[in-house]
Amino acid sequence: MTNTIFRITLIAFALITTPALALDLNSFRAQHGRPALSVSSTLSALAYEQAHSMATRTRLDHAGFRARIAGMGGGMHAENVAFGCDTEDCAIKMWARSGGHRANMLRGDVAAYGIASATGANGRRYWALELGN
């Protein structure tokens, strides 16, 4: 009986921690044959800046994107924004269902990313994903 419970527990743990259920950007990329991206503190800071700006203004947009990436030099940069999700998993899944956002997450010409969220006075959580080199 104890061995059966232990096996069931291990199987349940394995199912809970699979990328399909616990989705982050790199597990999403792996599911589609793309290499993992590095987490960038610079892009994470830019993502937080955008998420916080949207939360403060209670508005979903890409305002200031070009100004935010201007100091990063050349190379490809992309941004996904969303609101309404409580978790990163939810935001990734939401973007995965949108053609343009999905394409950004699967880009082959970026090497790093940053993701952040902030909650507005309206109670909505705003998300920003910054991708770049």
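Predicted model: local features only at pLDDT ≥ 70, side-chain atom pairs only at ≥ 80, totals over all residues.
**Entry 1: a helix across the sheet**

I began with helix H3 (residues 41-57), which lies across S1, S2, S3 and S4 and runs at about 30 degrees to S3. For that angle, axes are lines fitted to C-alpha atoms, for helices over the stretch in contact, and angles run from 0 to 180 degrees between N-to-C directions. Contact here means heavy atoms within 4.5 Å. Helices (H or I, at least four residues) and strands (E, at least two) are DSSP runs, numbered from the N terminus.

Residues are numbered from 1 along each chain as its sequence is written, and side-chain values use heavy atoms, with hydrogens and water left out.

**Entry 2: the whole chain**

I counted 6 helices and 4 strands in the protein chain. Along the sequence I read the pattern α-α-β-α-α-β-α-α-β-β. Of the 133 residues, 37% are buried, meaning under 20% relative accessible area with a 1.4 Å probe, protein chains only (exposed is over 50%, partly exposed in between).

**Entry 3: the sheet**

In what order do the 4 strands stand in the open sheet? I found S1-S3-S4-S2, with mixed pairing. Strands S1 (38-39) and S2 (78-83) stand at the edges with a single partner strand each, so one side of each is left without a neighbour in the sheet. Two strands pair if DSSP finds at least two bridges between them.

Next I looked at the pairs. S1 and S3 run parallel and are joined by 2 bridges; Ser38 stands opposite Ala112 in S3. S3 (residues 112-119) and S4 (residues 125-132) pair in the antiparallel sense over 8 bridges. Ala112 turns up again here, with Gly132 as its bridge partner in S4, and Tyr113 has Leu131. S3 and S4 form a hairpin with 5 residues between them, and Gly123 in the turn has a positive phi of about 85 degrees.

Is S3 mostly covered or open? It is mostly covered, with 7 of its 8 residues buried.

**Entry 4: helix H5**

Which residues of helix H5 (residues 88-96) are buried? I noted Ala91, Ile92, Trp95 and Ala96. Seen down the axis of H5, the buried residues fall within an arc of 135 degrees, so they line one face of the helix. That arc is taken from the directions from the helix axis to the C-beta atoms. Their cover includes helix H2 (25-31), S2, helix H6 (99-105), S3 and S4.
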